[in-house]
Amino acid sequence: MNDDVLRAATRALREEADASKGRGAETRARVLATLKARRARKLAAIRVMVPLAAVLVGSVAWADATHRLPSVWYEIKQDLGFGREEEEAPAEAMSNPPAAAPAAKNVKGAAPAEAPAEKAEAPAEKVAEAEPEVSPTPSEPQAAPVDAVGAPMVAAPKIAAAEPPKASAPSETAEEAPVAAAPAPRVDSDDALYRAAHQAHFVTRDPAAALAAWDAYLRAAPRGRFAPEAHYNRALCLVRLGRTAEAERTLELFASGSFGGYRKAEAKALLDAMRGPTP
Amino acid sequence: MRALDLLAPLFFSRPTASAARAEEELVERLRRGESSAIAEVYDEHYATVRAFARRLTGDDAAAEDLVHDVFVSLPSAAQRFRGESSLKTFLVSIAVNHARHHLRSAARRRAALERLGREPLPDAPNPERDVSRAALARALDRALDQLPVQQRVAFVLCEVEDRSAREAAEIMGVPEATARTRLFHAKQKLRALLDEEESR
C-alpha cells in the first residue's frame, strides 16, 4: 500500500517537474552576466592591486637602498601603536627589529620605560637624588667631549633612569634627566653590557675599554634599542683613539640619515671638524 | 544481435573518439573561463541540469537559481574534471554540491506558501487529474523536505530520475553501497511520512 503511494507520488513529482516550464533564456543571460561581472571585478582588482604592489615594492627597495628602512619601520610601528607597547615592555623590545629611534622620539614617552630593572627598587627620593648624576639615557643628548681632534662637543646618550650615584661626571651632568617613577623593567644582559659601556665611555673615560664595551654590546644586541647610540658612541671612541678613517665611515652613516634624523647634525659637525675647513 | 554488438565499435568508434576529443577541447576552454564555452555547455545541457534541479528542489525558482549557480561555478569546477564521467554527469554532480542552500530556500518557500494557504494550482485541460497529481507531488516534496540532503539526492537520482545506483554513486562521489543505503533509508522514511500524511 505504502509502496504504491510512494510510487504514485514519485511519478507525480516527475510529471510535475517535467510539466514546469524552464526559463532557459533568462537564466542563460543571468549566468553570462554574472560571469562577465565577476571577470570585470577580477580585472579591476588586478588593476588596483598591481600598481599598489609595485609602489610598495619600489618604496621598500628605495628605503632599503638608502638605509631609511629602519627609521621608516620605526615610524610605521609608532603610528600603529606597536612602538609604544615595545617601550612599555623593553625586554620584548630587545628581540624586535632594529630601532633606529631618533632621540627626539625617545624623549617624549620612553624615558621611564627605559629604566633598567634594578633601579625600580630605588625609592623615589633616591631617584630624585640621582637626577644630577650621569645617567645613561639614550634619548637625552649629552656632552661627550672629543678632545682628540678638537671636535665640537657632541651629544652622548644616557639611560633614562635613576642611576645610582656611582656614575658621575661633572661635565656630563644631566640637566633634564627625567624622573623614573614608573615601574622599571627587568634587567637583562644587554642592559648590563650597555651600562658597562656607558661607564667606560662617560665615567672612566677610557676610549679603548669603551670601544671594546660598545662592541660587546653591539655583538649582543645588534638590533637592540640602544644600538644607534652604541654605534655613535663607538664612533666617538674611534675618534679618540685616532682611528679616524673607521670613525668617519660610521659617522657618514649618521650624517647621511641612515639612522633617521638621529645624531645627523652632530655627526655632520663632527665630520666637518675632523676634515677641517674645505679650501 | 550479438554480432551487431561486436561490430558496432568498428562502425561507431570514429565518431565517439572525435566526440570525446571535442568534449576535451570544450573542457579545456571551460577551464580557461571562456564565455563562449560556457554558453555552449549551457545550450547543450541546460535541460538535463534544470530537470534534475526541479525534481530535487520541487520549486521552479530554486531550480533556476541552482542552474545559475552550476554554470557560474563551472569554470572553477572544470579544473577538477578528469574526464572519468561524462560532462552531463559532472554537471549534475555540481548541482548536487550546490543543492543544500537551494533546498533550504525551496523548503522555506513551500512552508510559507502552505502557511498562507495560497499554493498555486495548475491551470490545465484536465484540472481534476492535475490537482490530484499536484497534491501528491506536493506531499512528496514536503516529505522530502524532512529528509537529510544526501538521502534526498539519492532518492531523486535513483527513483525520480531512474538512474542506476552506480550512476547515482558516481554523481554523489560515494561508493555504490553507500548510495544504496541512502536510498533504502530515504524510501523507508518517505513511506512513513506519506503514510502519516495520508492518515491525517
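User: Buried area is the accessible area (1.4 Å probe) that two parts lose on being put together, summed over both. How much area is buried between chain A and chain B, and what share of it do carbon and sulfur atoms give?

Analyst: This is a predicted model. In it, 30 residues of chain A are in contact with 37 residues of chain B. The area buried between the two chains is about 3,100 Å². Carbon and sulfur atoms give 59% of that area.

User: Which side chain meets that of A:Arg30 in a salt bridge?

Analyst: Across the interface of chain A and chain B there are five salt bridges. There are also 19 residue pairs in polar contact, both residues at pLDDT 80 or more. The salt bridge of A:Arg30 has an N to O distance of 3.0 Å. Its partner is B:Asp65.

User: Which helix supplies the largest share of the side of chain A that touches chain B?

Analyst: Helix H1 (2-19) and helix H2 (24-65) of chain A each supply at least two residues of that side. By class, the side has twelve nonpolar, seven polar and eleven charged residues. The largest share is 15 residues, and it comes from H1(A).

User: How far apart are the end C-alpha atoms of helix H10 (residues 227-240) of chain A?

Analyst: H10(A) has 14 residues. At 1.5 Å a residue, H10(A) should span 20 Å. The distance between its end C-alpha atoms agrees: 20 Å.

User: Why is H10(A) described as largely enclosed by the rest of the structure?

Analyst: Buried means under 20% relative accessible area. H10(A) is largely enclosed because the buried count among its 14 residues is 13.

User: What is the phi of A:Gly242, which follows H10(A)?

Analyst: Most residues other than glycine have a negative phi. A:Gly242 is a glycine, and its phi is positive, near 85°.

User: Is A:Arg263 buried or exposed?

Analyst: A:Arg263 lies in the loop between helix H11 (244-255) and helix H12 (264-275) of chain A. Its phi is positive, about 60°, although it is not a glycine. Its relative accessibility is 5%, so A:Arg263 counts as buried.

User: What is the relative accessible area of A:Arg205?

Analyst: A:Arg205 sits in the loop between helix H8 (189-203) and helix H9 (207-220) of chain A. A:Arg205 is not a glycine, yet its phi is positive, about 55°. A:Arg205 is partly exposed, with a relative accessible area of 36%.

Methods
Residues numbered from 1 in each chain as written. Chains lettered and ligands numbered in written order. Predicted model: local features only at pLDDT ≥ 70, side-chain atom pairs only at ≥ 80, totals over all residues. Heavy atoms only, no water. Contact = heavy atoms within 4.5 Å. Salt bridge = Lys/Arg side-chain N within 4 Å of Asp/Glu carboxyl O. Polar contact = N/O pair within 3.5 Å; in protein donor to acceptor, adjacent residues only side chain to side chain. Helix = DSSP H or I, 4+ residues; strand = E, 2+ residues; numbered from the N terminus. Nonpolar A, V, L, I, M, F, W, Y, C, P; charged D, E, K, R; others polar. Expected span 1.5 Å × (residues − 1). Buried < 20%, exposed > 50% of the residue type's maximum accessible area, 1.4 Å probe, protein only.
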